[in-house]
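This report covers two residues of the model shown below and then the chain as a whole.

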Amino acid sequence: MTRKGLRNLLPCKPFGRRHHRDSQSAAATSSSSSLSSSSLEEKVARAEVVVVKWDPESSAYAKITSLFYEDRSEARRFLAEASDLQRAMLVFVAAAEPARLSHPCLVRAQTLMQAAMRRLEKEFFQILAANRDLLDPESVSVRSAYSGVSEGPDYDPWENSPEEEAHLVGKSIGEVERAAGVVMADLRAIADTMVFAGYGKECVRTYKALRKSIVDEGLYRLGFERLPRAQIQKLDWAVLELKVRSWLGASRVAVRTLFHGERVLLDHVFAGSDAVREVVFADSAGDAALQFLGFPGLVAKSKRSPEKLFRLLDLYDAVAELRPEIEPIFSFDSTAAVRAQALALLSKLAEAARATLADFESAIMKESSRLPVPGGGVHPMTRYAMNYISLLADYQSALVEIFADFPIHTPTPIPPFFFDTSQAPAEQQPAVSGSSAPPTTSSSSEGSRRSAIAARFAWLILSLLCKLDGKAAAYPDVGLSYLFLANNVQYIVNKARSCRLRDLLGEEWAARLAAKARQHAAGYERAAWGRVAATIQTGDVSAGEARGRMRVFSAALEEACAAQAGWVVADAAMREEVRATVRGMILPAYRGFYTRWEAALEGASAVLLSPDDVGNLVGELFSGSGSYRAKASSSRTV
């Protein structure tokens, strides 16, 4: 007799407690005496009754009817008779002389066993195909989460009735999960019997064909599309980003529901053999997992550009989060490639992220626009860079891991006055490249890694500030160059305070940078209004000199207001502060001068501006409206 199935892979050991007890009994019988032909014939006769009844090749009724749906007690009997027949054959062969291996009774038993296995293979296929909804990974995962039933090698799926098993599983699961439990019990009972009979190959073949299609379909429904690397390289970033977002949305469901559910189902159906489960899972889910996890690697190898960094970090976060769950799902040796790919993905994505961030820093330094921003407003480069950096700060946890073994190396040290975190928490203290330090504990090591990221962010902003200094030199007016720096530095401060940069770099850092913005504003005030303030006469003069001084002041004020009509102070609080400072520079002295000489100047040919007129003119500056001349025409000429 030829023993079918995976002879080397599937040892013919019994599955379940019933089989275990029966095999012990068979071994005892074999040791005491050989099984007589009449005993084997008796087993054949008993099995023949139920097997022939359900043989699809000998009964039209059996062709169109499901044994397990039609009569579950009959199905239980069918499985028992098939197992009994197999044991009887094994005992007969073990005790028989070579000449008896062609015994007619044994040949008849083998023919009957083949018919029984055909029936069970048909039932196995029908149950898998007809219960796709009940066996979907989500239902299986839910049942597994609630299940308290032991499903080890000695678990007998038919020892309890479906109702008893549902009670053991718990009242908290729904009807769908209970129905799935019954179906899974049927599949395991069939698999146990077929593998025990040496027909594991047929059982495995049917299972793999159907479940592999379920996994592939599940990934397709999640929006995953298998694309070759060459095609991904040709995709526009807008299209590729949509696919990345789709993968991110599907990744947690794919791992936690689809692949996990498949592993749960596999572990239940083929619980009796690790070797069977290993081969089946590698074919049914392993290849699909490699394809699915291969996508982030292809994105990491695509052409770099700064805007891709955030999606790379999203992919890194997703893989890092799911990797601990991938490990137990794909724990077989045959699926080691899946575990290795998940680990390699982190390395590839980290490398791509580091290179992309370096590209971003280089882009800042190489920005070459020469046209000054009208009115000294916020430069587009400042907006772009700070929006980028503030979004990047949301990924500081991932960046800590990505740059853990890559300390920052700057062309020049970061100035202490720029990045002094003396008042920041200890874990934010900056790491100094190249300096020696005593051994650190794990908590202090984590703090050091975070401070290294803080230093990297500080360097990016310092690079931006240095570039802005060069942009300011393009303004011919010194006051406007100061105003440009004040606007841009204040924008950086506001942006940093409105995002996680504030926690990362510390409020002391932000306050110091805000003071720098105020210094630039003070430079503007001196350069743009110092000459106007100097025209106001504070000493004793004659009426004629007073009229001359009034003309000089009015001309200087008009010139300053006209020149600055389109200038901008972007931040509202700074705008009011600058206006108040300018008023303070000229109004007190001018009010005293005006009060003293107003009567004497009445009727004189001079532009007489009241202190309120001057205050209003200053108050209308810095909005970028450019409408000074129209407003200046309302001044009195007397």
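Ile-232 is buried, because its relative accessible area is 1% and buried means under 20% relative accessible area, with exposed over 50% and partly exposed in between (1.4 Å probe, protein chains only). This is a predicted model, in which local features need pLDDT of at least 70, side-chain atom pairs count only at pLDDT 80 or more, and totals for chains, interfaces and linings use all residues. Residues are numbered from 1 along each chain as its sequence is written, and side-chain values use heavy atoms, with hydrogens and water left out.

Ile-232 and Lys-301 lie 69 residues apart in sequence, and their C-alpha atoms are 9.6 Å apart.

The table places both residues. Helices are DSSP runs of H or I with at least four residues, numbered from the N terminus. Contact means heavy atoms within 4.5 Å, and neighbours within four places in sequence are left aside.

| Residue | Helix | Contacts |
|---|---|---|
| Ile-232 | helix 11 (residues 229–234) | Leu-227, Leu-240, Phe-295 and Leu-298 |
| Arg-456 | helix 18 (residues 442–472) | Leu-357, Phe-403, Phe-406, Pro-407 and Ile-408 |

Across the protein, 48% of the 638 residues count as buried. Among contacts with a separation of 6 or more, 82% join residues 24 or more positions apart.

Key:
Helices (H or I, at least four residues) and strands (E, at least two) are DSSP runs, numbered from the N terminus.
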